[in-house]
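Please look over the sequence and the model below before reading on. This briefing then takes up a few of its features, grouped by topic.

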Amino acid sequence: MTAAGIMIGLDVGSASTKASAFTIDGKLVAQGSVGYQVYQPEPGVAEYDANELCRAAVGALAAISSQIEGRRVTSIAIDAMMSGAVAINVAGKPVTPYTTTLDTRFGPELTEFVAEHGDVLRREAGSAQATLAPKIAWMRRSRPELNDQVAKYVLAGSLVGGHLAGLDADDHYLDPTYLWTTGLASGRDGKWSPQLMAAAGVNAEQLPRIVACTDVIGSLSKEMAALTGLSHGVPIVAGCGDQSAGYIGAGITQPGIAADSAGTYAVFAVASPRFEPSHSTSGPDVAVAPVPGLFHYQHVIIGGGLTRQWAADLLDRDADGTSMDIGSLEAQADHVGPGADGLRFVPYLGGTATPPDARIRGGLYGLTWSHGAPEIYRAVLESVALDHAMSRKFLPQDAVIDHIVGYGGGVRSRLWNQIKCDVLGAPYECLGAYPVTELGIALIGAQGVGGVDDAAATARSMRHVEQVLQPDERNHNRYLVIASEYEHLTDQHRALTDSLAIRQSNDKETT
């Protein structure tokens, strides 16, 4: 790669697709994005037009092509939403919408699959968050007229990469970082599992080939080159899941470092060289890392960042109903102090990932007339940190957390960062607006074409820490007690909401 070479990372997210162009030394030189909205006409439905996702990727690349005119693009690598599915035909074209775990219509299939095969899923896949297998069952049940058209079931990264490279179904792909979300693969071996495929009634021909995240899967087609303004033949590198790209960019690629990915989904992750899935249904997911020989133990809260934004939008109102500055709400919540004046929030508005249960809902406990917006908001922030803390007891015994690295939109809240720092009792490095995911995926692309030897090591050398927070020992000790109470509360809450879901299901059947 020459000094003039440009590496592009394409991030297919839940609200937009963003293209970012970097020089080989990590300087961001161009960025463009195209937004879209998830279609949610009623509760439980959350789907994307698969063709719109493809058009957004083309639009994002076109938005940066004029900004880098005359500079050679050496690679395009793609990261994408991880827990979703879309069916494609023989030509590689989508025949269904793309749905994520926020779409809970596959809940009955998920519940049945996990109930029957949960132990095998945790042992083989490293996670019982089996999104792809039950979604395939749901698609077959809900759209039987499409079954003859479906050649393969793929995820968002392959959907977009296949569109850009003009791949037919046989050439579609999946890299190992997505395997834990499928319920169909062995995380230890990085291969499709005959046992799990048989359990799901899926054969290997219906699934994409598994490739390394640094593999070149094709090149920009003539049609896509004309639409984007980029050169025909630019290598397209497989890339990885969006969380995994973030781990690369944030430097979560060595033991002892924990990630606080404060995005739409709140994710707490720790790197380890060992694949030792927990036997507990509440244990963290074990995902294959983009770095060979490494795994990420990750605790996922569905919609964690989304829940914080929901709470802020709901609560940042003065008594007369006028909008209040979010900074004012944060300052008031900071004044409340640890424990939110006895208020506890359970952040399962979109169900739970560990164990996977689409029926569970959120809750607010201990509410009195003395509580107001600051207490409720702080309880929401604390709930995510407390939920992350619960997952620590399921980590391998030798997993040590020396410090936490925070990134994503949620790190704009200094209060939330400090709460996590105090709850988890470790120094907290905030990366601020540093383009963690974008740079991580661009470096994976660069490694794929020989531009860098080691994307993870290169990312660590480029990382910029905006702020370092230290845990307050007094607050940490208070949170140790609160964390124990919170764990007991969530156990009771799960049982309560589970019984309510069963009652509602029975009521529907009766009517």
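How many bridges join strand β6 to strand β7? In this predicted model, two bridges join strand β6 (residues 84-88) to strand β7 (residues 98-100), and these strands run antiparallel.

**The open sheet**

- Four strands make up an open sheet, in which the order is β4-β7-β6-β8 and the pairing is antiparallel.
- The edges of this sheet are formed by β4 (47-48) and β8 (152-154), each of which pairs on one side only.

**Two crossing helices**

- Helix α9 (residues 326-336) and helix α10 (residues 373-390) have axes that come within 8 Å and cross at roughly 85°.
- An angle of 65 to 115 degrees counts as roughly perpendicular, and α9 and α10 are therefore described as roughly perpendicular to each other.
- On the α9 side, the residues that meet α10 include Ile 326, Leu 329, Glu 330 and Val 336, while the α10 residues that they meet include Ala 373, Pro 374, Tyr 377 and Arg 378.
- Sorted by class, the contact of α9 with α10 has seven nonpolar, one polar and four charged residues.

- Another salt bridge, at 2.9 Å from N to O, is made by the side chains of Lys 420 and Asp 260.
- Because Lys 420 lies in helix α11 (residues 414-424) and Asp 260 in strand β15 (residues 257-262), this pair ties together parts that are 160 residues apart in sequence.
- Lys 420 is buried, with a relative accessible area of 2%, and Asp 260 is buried as well, with a relative accessible area of 2%.
- A further salt bridge joins the side chains of Glu 487 and Lys 393, at 2.3 Å from N to O.
- Here Glu 487 is in helix α14 (residues 473-510) and Lys 393 is in the loop between α10 and β23 (403-407), and the two are 94 residues apart.
- Glu 487 counts as partly exposed at 25% relative accessibility, while Lys 393 is exposed, with a relative accessible area of 53%.
- Salt bridges that share partners also join Glu 47, Asp 103 and Arg 105 into one network.

**The enclosed helix α11**

- Helix α11, where Lys 420 lies, has 10 of its 11 residues buried, so this helix is largely enclosed by the rest of the structure.
- Among the buried residues of α11 are Leu 415, Trp 416, Ile 419, Cys 421, Asp 422 and Leu 424.
- Just after α11 comes Gly 425, which takes a positive phi of about 70°.

Definitions and conventions: Residues are numbered from 1 along each chain as its sequence is written. This is a predicted model: local features need pLDDT of at least 70, side-chain atom pairs count only at pLDDT 80 or more; totals for chains, interfaces and linings use all residues. Side-chain values use heavy atoms; hydrogens and water are left out. Axes are lines fitted to C-alpha atoms, for helices over the stretch in contact, and angles run from 0 to 180 degrees between N-to-C directions. Angles under 35 degrees count as roughly parallel, over 145 as roughly antiparallel, 65 to 115 as roughly perpendicular and the rest as oblique. Contact means heavy atoms within 4.5 Å. Ala, Val, Leu, Ile, Met, Phe, Trp, Tyr, Cys and Pro count as nonpolar, Asp, Glu, Lys and Arg as charged, and the others, Gly among them, as polar. A salt bridge is a side-chain nitrogen of Lys or Arg within 4 Å of a carboxyl oxygen of Asp or Glu. Buried means under 20% relative accessible area, exposed over 50%, partly exposed in between (1.4 Å probe, protein chains only). Two strands pair if DSSP finds at least two bridges between them.
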